[in-house]
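The following exercises are meant to be worked through slowly, with the sequence and the model side by side. Try each task on your own before reading its solution.

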Amino acid sequence: MITLQIENLSKTYDKNTVVTDFSLEVAKGEIVALIGESGSGKSTILKMISGFEKPSAGSIEINNETVCSKQVFVEPENRQVAMVFPDHSLFPHLSAEKNIAFALNKHSRSERKRIVNQMLQLIGLEELRKNKPHQMSSGQLQRIALARSLAFQPKLLLLDEPLSKLDVMLKKRMREEIKQIITQTETTTILVTHDKEDAFVIADRVVVLKDGVTQQMDTPEGIYFKPKNEYVAHFFGRVNTIHAERNGKGYNTPLGCIQAKENGECCRVLIRPENLNIGQQSDDAIPATITKITFYGQQKELQLQLCESQQLITVVIPNYEKVNVGQQLFCKLNTEELTSWAMV
Ligand code: ADP
Ligand code: MG
């Protein structure tokens, strides 16, 4: 079942087009992340879905009902869409339970009580029900804001950078909690973020935006391993860009010959550092010199200069390997496992 169907949505402020031809289909219960740099149009898309902004063109359907098109415009309060912001926007004078109950004014007293209890249990904050916002931590406030949004069982939950104000440790924990809470309640969700880990950990599917234009829409694995262009490849991690020239059925590169279905005479190959192995001398290993070592805790990143072509490339090795700048070693393209590459 499709919960959200967006077709060719565009938004222009004065003469400045900030979202172009944005289309997206979200299935019931699915979590989709919209990711892009600041100013790429993410919040504008959420505002159009919730009804706080009118699109310049395009249409939006929620549960097969058109909420926005050339002829139709359903007001935000009638869309049953919930939105959560990074500053949680809870009422400072109301307790946790009253904040959660706020949107339940159409429910009976006992029904309201039941839902609030259920929500407090869901977010694991039953003992803080009487606390006011100033008596809670930022992680707890974010959970209350989420519970308040879920309490009225929205058709769609929109999260606009919900984790951007949390410190690193808390952010990591909250990511998993948010995912668990929205999965448990089977809430169809769109998460806006500029952090690739938020997108990868929380979302089933990721949409990459650049200047209001969709670059790629895929699962986290698809985005990482099969980036459609250089922008997407660089956005989601380290990547080596290598020149390739056709040679019969394959392509010659400074790292050896690779097979490809491409047609062009030459192209650029994008290879993730994980797809390069360091090892012993062999027929197909390329000699290289270490020019820089960077320690990242979990691993070390080496910058290598290939002896023959002088090309600089990046590889990663386990953190316990002992290496020195100036050391010579051999580098090999892991072609059997070469999942993380793209040709452009
Ligand atoms: P993001 O959430 O990805 O950071 P936004 O959707 O907030 O990006 O903004 C996209 C672009 O639209 C930005 O260049 C921003 O300056 C512009 N913009 C957003 N809201 C307005 C507005 N009300 N009037 C004019 N320009 C706007
Ligand atoms: Mg924004």
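**Exercise 1. An aromatic pair and its surroundings**

Does Phe 200 count as buried, partly exposed or exposed, and what is its relative accessibility? Then place its aromatic pair with Tyr 224 in the chain, and describe the geometry of that pair.

*Solution.* Keep in mind throughout that the model is predicted.

Step 1. The relative accessibility of Phe 200 is 23%, and because the class "buried" requires a value under 20% while "exposed" requires one over 50%, Phe 200 counts as partly exposed.

Step 2. Searching the whole structure gives 6 aromatic pairs. In the pair made by Phe 200 and Tyr 224, the ring centres are 6.3 Å apart and the planes stand at 85°, an edge-to-face arrangement.

Step 3. Phe 200 belongs to helix H6 (residues 196-202), whereas Tyr 224 belongs to helix H7 (residues 220-225), so this pair ties together parts that lie 24 residues apart in sequence.

Step 4. Tyr 224 has a relative accessible area of 18% and is therefore buried. Tyr 224 also pairs with Phe 225: their ring centres are 5.3 Å apart and their planes are at 85°, so this pair is edge-to-face as well. Phe 225 is partly exposed, with a relative accessibility of 33%.

Step 5. Widening the view, one aromatic cluster is formed by Phe 200, Tyr 224, Phe 225, Tyr 231, Phe 235 and Phe 236.

**Exercise 2. The shell around the ligand**

Which residues surround ligand 1, and which helix gives the most to this shell?

*Solution.* 

Step 1. List the shell: ligand 1 is surrounded by Tyr 13, Val 18, Glu 37, Ser 38, Gly 39, Ser 40, Gly 41, Lys 42, Ser 43 and Thr 44.

Step 2. Look at individual contacts with oxygen atoms of the ligand. A backbone N or O atom of Gly 39 is 2.7 Å from an oxygen atom of ligand 1, and a backbone N or O atom of Ser 40 is 3.1 Å from one. For Thr 44 the atom concerned is a polar side-chain atom, at 2.5 Å from an oxygen atom of ligand 1.

Step 3. Consider the cover: on its own, ligand 1 has 560 Å² of accessible area, of which the protein covers 60%.

Step 4. Helix H1 (residues 42-50) contributes the most to the shell, with 3 residues.

**Exercise 3. The covering of helix H1**

How many of the 9 residues of H1 are buried, and which ones are they?

*Solution.* 

Step 1. H1 is mostly covered, since 7 of its 9 residues are buried.

Step 2. The buried residues are Lys 42, Thr 44, Ile 45, Leu 46, Met 48, Ile 49 and Ser 50.

Step 3. Just after H1 comes Gly 51, which takes a positive phi of about 100°.

Step 4. To set this helix in context, the protein chain has 8 helices and 20 strands, and buried residues account for 49% of its 344 residues.

**Exercise 4. A contact across the sequence**

How far apart are Phe 152 and Ala 82 in sequence and in space?

*Solution.* 

Step 1. Locate Phe 152 in the loop between helix H4 (138-151) and strand E7 (156-160); with a relative accessible area of 25%, Phe 152 is partly exposed.

Step 2. Phe 152 and Ala 82 are separated by 70 residues in sequence, while their C-alpha atoms are 8.6 Å apart in space.

Conventions: Residues numbered from 1 in each chain as written. Chains lettered and ligands numbered in written order. Predicted model: local features only at pLDDT ≥ 70, side-chain atom pairs only at ≥ 80, totals over all residues. Heavy atoms only, no water. Near = heavy atom within 4 Å. Polar contact = N/O pair within 3.5 Å; in protein donor to acceptor, adjacent residues only side chain to side chain. Areas by Shrake-Rupley, 256 points an atom, 1.4 Å probe, with all protein chains shown as cover. Helix = DSSP H or I, 4+ residues; strand = E, 2+ residues; numbered from the N terminus. Phe/Tyr/Trp six-rings, centres within 6.5 Å; stacked < 30°, edge-to-face > 60°. Buried < 20%, exposed > 50% of the residue type's maximum accessible area, 1.4 Å probe, protein only.
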